[in-house]
Each structure stands twice: as C-alpha cells, then as structure tokens.
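Let's take a friendly walk through a protein model together. Have the sequence and the 3D view ready, and follow along one stop at a time.

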Amino acid sequence: MAAVLQRPTAQFSNPGRIESNMMNELLLVVSVLGSHVSEEDKEGRISERFVPVADCLNWLQDLQRALRSDKDDLRPIANQLGTWKVVEEKLIPIALVKRDDPDTILTLAKLFVILTKPMTKAAKQAALINIDVKSKKFSEETIQDQVSLKENALLQSKYLMEYKRLFLKEGLLEVFVDLMQVPLSKTEQKRDDKDNSTIELVLHLIRNLLCAEPVVKNSTSLVNEDIRIHHQLIAVFQKELVFDIMVFLGEGISHKKNERWNLLIMEILHFLVRNQDPSMTAKSDDMVIGSSSNMGNDENKRGGGLSAARKREKAKLSSVTNKGARHSRFGGTLKLKDTSKVLKASSTSNSACAARRKNKQTAAFTADARGYESSYLGTFLTKIAMESFKALNSFSRSFVEKCYGPVMKSLKDEFRRDSNRLEANDKVVFFKVVWFFSVWQRTHLELGGGSSSSSARVSGTAGVGQLLFTLDLFSFNLVTSACETFIAEKKPTALTQAVALYKEMVKLLSIMNSSPDESQSIMSLGLQNQLYFASEPKDKVFKLLSAWKSGTQSKQYLCDLVELVHETIKLQDLSRRKWKKEVEDISSKGRKEKSVTDEYKENCVSFELDKYVGRAVSSGAIKVYTHLLREYSTNGIETNHHIVSFFTRLCKHKMEVVKTVFDEGDGKAALAVVKEEAVTLEPLLFNMELMIIYDRILHDKACAVGSEFGELIKFVTTIVRHFATAAQRNPLLCVEGLFHVGVRYRRHCEMVTNSYLDEKTLSGGREEYTVGSDKDEEENEKQGESNWIVGKKDEGESEAEWSEAEDGVAVESNGAGGGEESEDGLGMVGSDSSDDEGERDQKAENRRAKKEAKKLAKEERRRKKKFSNEEDAIIKSAFFVHPTEDTAIEAIIQEETMKQGAKDAKKVRRRARVLGLLGEKEQEQKQEQEKEQESAGASATNQDNEDRWNDNRKFVPKSKSKRKSYGQEEMGEEGAGKKRLKKLGGQGGAAEDDDETILAGAAGGSGYGGGARLFYSDDDSE
C-alpha cells in the first residue's frame, strides 16, 4: 500500500486517459461492427435484430489488437469499452448471430478472455487504499492522482462483475462451449496444437468468469448480489455441460498432452468452491427450499453458533425485562415522590447486549472466515441457492469417483519436482481444493448409514475412496512443511487453510483406521507410524500451538487447531485399542520372524500416550485455550467441549518425581528412588485471567438457560470449588494467580500443592521429573511442543467415564492421570499427608543430617581437587631451583605434601602451566643460549651469568594478593640481572641466603605469611 503511494506522480498521471489516435480507432471499430434493425412480424409486433457488418471478423481482429496493447494495471481501453457497453450491445449479439461461424466465435472468445482477465495485484491494492485528502504528507497533485487510480481500479471491478452477469444469458455460454466439441471428439494422439489451444482458451474463459468478484465488499447488498450471481453461474455450468467436460478432461489428465491443463483445472476448481460450504453441499439432496435448520446446525458445529446466540439473547432479554415494559431499545424511567428529581435507568439487557456487540467488534480474532456465504444468505435457502448446491453436489460426486485421483496425482507431481509453472499462491489453492473434497467425502460417509437418499449412500462401504491419493506421506509432508513456511513468513490466511486441511486429513485417517477394509486400516497404521510413532515424528501440532500469538489469527484457526489436537489423540487411542489384542496374540505365540506390519502394530500399542501428553503440556497451550474460552458464548458446542476436556486432563494428570536418597553414613548418593507424588497440573488453571472468565460464565444467565453450556458450567463450578479449598490451605495461592507462570510450570505446581515445602528445600537433595522435567519444559518451549487434549467421549474414543458427584458436578472417575481421586473426581490440589507431626520432625532431622554429611563430602572432594597456597609455593620454588622442567616436576611429586594431596605429574604440570611457569622456563633457557653465543669466550660475562643464576635460586614467590610472580614481572625485562635482592622478615624470622632457609621459610607457616618473603628491589645495596 505504501509502495503505491510512493510511486512517481508521472506514472499515475491521468490513468484512464487514452491517446487521441487510439480513441478515434476505437470509435471507428465499434461503430462499424454492426447495428440494430427494427422488424415487424406478421402480427404487427416490432422487434429488434442485430445485423453484423459483412467483414465483421476483420474488425473484431482489429479490436483484439487494440486490447492486447492495453496496460495490465490500468486497462484504459477495456474500461472505455465498458463505458460504451460494447460487450452488451455489440459483441454478445454478434456471438448469438454468428454461432455457426467457428472463426468468428474463436475471435470473440479471445476478446472475452482479455476483457474478463482478473485484476492485477497492484490494481487490487489501489482499490483498497485509504486516501487522506487532508494529509500534508503528499502534494495535492499526488493525492488527485491516487484518487484517479482508485476510481480506475473500482471501475475495473465493476465491469468484471457486469461481464459475469451477462454470461448468465441463456444460450450465450453454450456458444463457446461448443468450440470444444470437435477437439474433444478426437483422441489425445490425433489432437493438434490448434485443438489444444481452443480447449485451453475456453477453460481460461470459464476460470475468468468464476474468478470475478467485487474487490471492495463494503455493503451487504453488493455481497449478496455477488453470491446470487455465483450461484446462478454454477447452475448454468450444470445446464451447459461444463462440469461434464471438466470430468472428461480430468480423467485423461495423466496423458502427456493433457498435463498442460492440470494447474488451470485446479484454479477452476478453487474459484468454483470458493465461499461454498462442503457440508451443506453434501446435504443438499435432503434439503428443501426455505429450510433453515441445516444451516444453523452446521454453523453451530463449526463455531459460528448464530442461531444459538440469538436464542440466548432472547432468553436473557425475557429474564431481565418485565412483560409490560416498552420496546427493548428504550430505557426505563423511575419516578420519585419528589417530581423534581427523575432518575433515568438504562435497561440491563440492552447494556449487556451492547457490551457483547462491542466485544465482538474489538475481538483479537475475527469470526469464521469460511462462513462468509452463510452470513449474508440469511437463515433460509432460496431456490437459486438450492439449485447451485445440488449442481455442485452432483459435480463433486462425479469428480471424486472418476477423476480425483488422476488430477491430484498430476498436481502432486508438479509440487514434487518444484515446477517452474507454479506460482506463489498455488500451494494454498491446492490446499483449498483438497480441503473441500475431503470435507464433502467425510460428510457423505457420515450420512451414509442413516439417510435413505441416493447421494447419502455413495461410497457407503468404500471408505475414503480416491481421496487416498492425497493421504500419502508426501501430502502430509507437504502440509506440515507449508505450515512451518507460513509461520516463518507470517502468512496467517494461508496458515489457516493449511491447518484446516491438516485437520481433515487426520479425520480421514481415523475413518481409514475404522474401515472394514483391512488394506485401508494397514495404510492408516503405516502413516501413523511415520507421523507419531517414529523416532523423528513428522507431526507439527506442538509447533502450531507455540507459534500462536494473540491478534494474529482468526477464531476459525483456533477452532481448527483445537479440533486437530483432539482428533490426533482420538486416532492414536483408537489405533492402540484396535491392535492391542492382535499384538498380545503375536507375543504369546512367540513368533520369531515379524513383518513390517507387525512392527507397526507393536509401535502403536507400546506408544506411551499419557507420557507423551504429559511432556507436551506447556503454559503456552493454556494461553491458546484461555483465549478461545473467553469467547465461550459464540463458540460451538464441540469447541467448548474440547476446552473442557483439555482442562480436565490437566487436572487428572499426575506427575512423577525422581528423588535422590543419600546414605546417612558417608553422605554419598546411594540410589535413586522413583516416587509418585499426588501433584497435578490443576494449579495452572488458578490464574487471574481464567478466574475472570469463570466469573463471567457463572454469572451469565444465558448460559443457565442454554443446555449446550451444561458441561462447561459443571466444570467451572468444580474448578472454583477446588480453588477455594486450595486457597484456604495455602493463602499464597491468591497471590500466585496474579503472575504468569513461565516454562517451569511443573515446579510451580509442586510448590503450590505442597505449600512451598518440598524435599529439595528440606534436605537439599536433587529432584528430577521423569515426566517432563523443567529442562524438558524449556526444550519443549523452544521446539514448539505444547499441550494435547482429549476430546469428548465419541464412538471408540478412550476417555474417562463421567459420573455425578454429590453436588451434581460432572467429573471424570478414571482419567488419564490415574491414581486416587477425591470426592469430586478431579483430584484436590493440596492433599493432606498421612504422617503425623512426630514422624515429620524425625524426617526433618534425618534430612538435616544427610545435608550436613553431603556438605562435608563436597568440601573433601573440593580440597582434593584444588591446590593450596603451600603447594603452589613448592611448585614455584622447585621450578626456579631445578634447571629443567622434568627434574622440577620429579622433585615436586616427591614432596610429602604433594603425596598427601594425591598430586601426580600430570596435575602438577597442568598447575605449572596455569601459573605461567612452563613458558617462563623455556624463555629463560632461550635467552641464556643467545647470551652464550654472543659472549662466547668472555669469562667475565659467564661469571655474571653464574652470579645471576645463584641469585635466582634464592627467589621466593610473592603473596597471593600481589597476583604476579617474580618470573612474570622481571624475566621479560631488560637488565634483569642488575636487580638486587631485598630481604624482608616474616613470622618465621629473617631468612639466610642459602637454599634450604629459603625453602623452609616458604613452606612453613600458613600460606606465604609463615616464612621469610624475599622481593627484588632496585634501591637496596647488595
């Protein structure tokens, strides 16, 4: 948008202007194409007939050349023809009159393809741009150019919709479809390039007509008109056999000459099913005109819930407003005895409704993006919509049964080899097409058992049918990799479509797993092994949960993501229960050779689902479900159930703690004992944000009326009661709820449950979580792993049995966490210990003793590992006394002090290197050799060197506070031999000038202070 504004002014100057020469040519061509002639029949009625000019084909070709020179972004020539109504008054009459002339019809087809060509991206941006006329950032001339540019783009959109409406005229589309009759009658081998070009030209015309839609949808009437025209066009396609032609082309798409149309057919399918509900399409055979129940149920299932919300609003109004009150838009008036004072009271129901409407408008996410059509069609089905749904349903049935496999295989080959024919948005288009037919097929399978209609019995026992072509490992890899790409590139719309398809693919896997056909069950098991049970699973649910950010995704995305997690857990549990008995039989027989299928079954049965879910829990997932629970009033029943099931799993999930037990004797770690603590993840639900939502739910009178909120009300009641009990035992829990819990949420749950008294605090022992330690939590946050949920008790789904507690709250009695339960079934946060006070004191005393023993052992290990000051002094003195490193190290390790500390030659050499003694010794020897070579034959110099060597033998290192030894300060300086010794007395008395006294003073006393310390000084005399 900013790039459009920053373009040079000259580029957009007079965007709709046409040069005078071109304008004269256009006027000439348009005027001579033909004219309308009035005729009178025998009955005296006057009618008009269009009479084209004799050489009409040549003039049409001139018009075609003019349109080809038109600019793609501005299209001034096409807009001018639209203003003159050339298509309506000239071109369409010529097509109807010259329908038997193939050359003329072919030229007209080329003209219509150019005129109906979709708008460019720049033109769409120009139509959506917001121009501030009063802005001083741009000049007045630039603003005028932007206004002209926007008007030009809106004009293009207007004429495209007009051309789409004109093709609804009876018999017009048939003229161009007949162009494909001769080419399609030939086999692929006998078709020439002209035949293939004719077929491709008509397919482009069909694509352009379906693609047309208003760019700016700022009015309900404009959107409704677009939907009506699209429905009518679908009905016309059914009547003119366009769908039959597409099915015929799809069946032969695998032929080499037909591969060129695969992407074009994909685009036609995409625009055909755009804004169409596949579930409603599949149910269209059982619908009647004017019915509304099907639409309402479908919306409620998918998260819209418009009819249910309307009922709740009515119930709330009736419960608050008196029967004799005026219209709900007016507030009440309370009159007091003193008539001078009038108190105005606004209606409670009105304020609540207004607040709810305001929240819907300012919500961080929008409503269902795929419910666009049903939002404007109303609550009843018109005759036009019913015809459209039935036509699309008939086409979908034929397409899935006959050509879905070849078309999808051809498209997958394009993505597999990364063809240069692919465009940036083709992957999203492919996902949209596969999603539509996947939902359509699944709905047919769900209706196949109880419906008596012929459409509902399609593929009743065939399972997923040809949808297997998009349920292979490549398709799953394509979807999961696309999700990661869309997250990295920040494309929320594309990510929403990818997640919707991912969810449907998992649902179809579940259908395959339950299919009576054993081959489909084995195929489903093999895919599950690659997705979930392999060493490197390919599922990206954790990544999707962690990548969510508030205000970046739609509500439909969250609903799809929650359902994806639910279906994934359900699929794994169904597979484990299905193959468990067979795996046990194989193990009992002791079969030595196992097939690949047997290994897959063993992997499925041995998969630890509870451990996997426990490791996947994170605070980020709670944010996702909390954000979705905030919109409980507009959520579907299924969505609210998924949230309740997930939170229930948190309350039931019990953590295991590994504690290291130390022996009381020596304080060393003797063994590690795994102990199961009565600690759940329920404290994660005790935060301020959730508590506010709980309060809204419990005080919402509309929730009390609607039966669809029964499960939610029961769960919230139980959680609030648990919080009150836990807060009474641990009052600091009220403060903990004010703060966000980070990645160490498991540690938080344990501390809150045990009132901040744990084994680590009392004994200093080490603790690790076997199911998701804190370290694992941090890794999970980085890798995008997050929470899993268990959905409701569907057919074949393993979930805890629901039972009624004493207070009427529905709870789970044997959830995934296992262990004992409290009376309400969800497990109390702070369970009392069975030990009395005496036992507690005895245990605390033992822990303190173990802690002290451990501290002493740790100090002993540290003492043996480090060098003392006395040992450092011995090392430094030995290196200056002995001429070579080897002799110095040999003398050091023979010292009694070194033997007691277990200091070998390797440790001494490493310590000498740290002290800088090894490098100084080498440098000293090198300097001595150079001096000997320079002063060879000079006895005086040799005598000086000998004296200097004797002086160095009397060196004793400085104290630790000085940080530098004699060698570090003096050996690198010039004239070091000229320095003199300065004797300083220490606690050990004055040192003599012999080696033994120096060593004795350095080794005696505590550290360096116990003996005589000798330093060099330039001031003292010898």
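This is a predicted model: local features need pLDDT of at least 70, side-chain atom pairs count only at pLDDT 80 or more; totals for chains, interfaces and linings use all residues.

## Getting started

Helices here are DSSP runs of at least four residues, numbered from the N terminus.

The protein chain averages a pLDDT of 74, and 66% of the residues score at least 70. Over residues 320-369 the pLDDT is below 50, and this stretch has 40 contacts in the model beyond near neighbours in sequence. The pLDDT is also below 50 over residues 371-380, where the model shows 26 contacts beyond near neighbours in sequence.

Which residues make a nonpolar surface patch of about 580 Å²? Leu732 is one of them, together with Met688, Ile692, Val735, Leu738 and Phe739.

How accessible is Leu732 itself? Its relative accessible area is 47%. Exposed means over 50% and buried means under 20%, so Leu732 counts as partly exposed.

Now look for helix H13, residues 242-251. Of its 10 residues, 7 are buried, so the helix is largely enclosed by the rest of the structure. The buried ones are Val242, Phe243, Ile245, Met246, Val247, Leu249 and Gly250.

Helix H24 covers residues 492-513. From the first C-alpha of H24 to its last, the helix reaches 32 Å, close to the 32 Å expected for its 22 residues at 1.5 Å a residue. H24 is mostly covered too, with 19 of its 22 residues buried.

## Two residues with positive phi

Here is a backbone detail to look for. Most residues other than glycine have a negative phi. Where does the model show a positive value instead? One place is Lys85, whose phi is near 60°. Lys85 lies in the loop between helix H4 (76-83) and helix H5 (86-97). With a relative accessibility of 47%, Lys85 is partly exposed.

Another is Asn275, with a phi near 65°. You will find Asn275 in the loop between helix H14 (262-272) and helix H15 (278-282). Is Asn275 buried or partly exposed? Its relative accessibility is 21%.

Methods
Residues are numbered from 1 along each chain as its sequence is written. Side-chain values use heavy atoms; hydrogens and water are left out. Buried means under 20% relative accessible area, exposed over 50%, partly exposed in between (1.4 Å probe, protein chains only). Patches are made of residues with over 30% relative accessible area and no salt bridge: like charges are joined within 9 Å, nonpolar side chains (Val, Leu, Ile, Met, Phe, Trp, Tyr) within 5 Å. Accessible areas come from the Shrake-Rupley method with a 1.4 Å probe; for residues, only the protein chains shown count as cover. A salt bridge is a side-chain nitrogen of Lys or Arg within 4 Å of a carboxyl oxygen of Asp or Glu. pLDDT is the predictor's confidence in each residue, from 0 to 100. Contact means heavy atoms within 4.5 Å. The expected span of a helix is 1.5 Å times one less than its number of residues.
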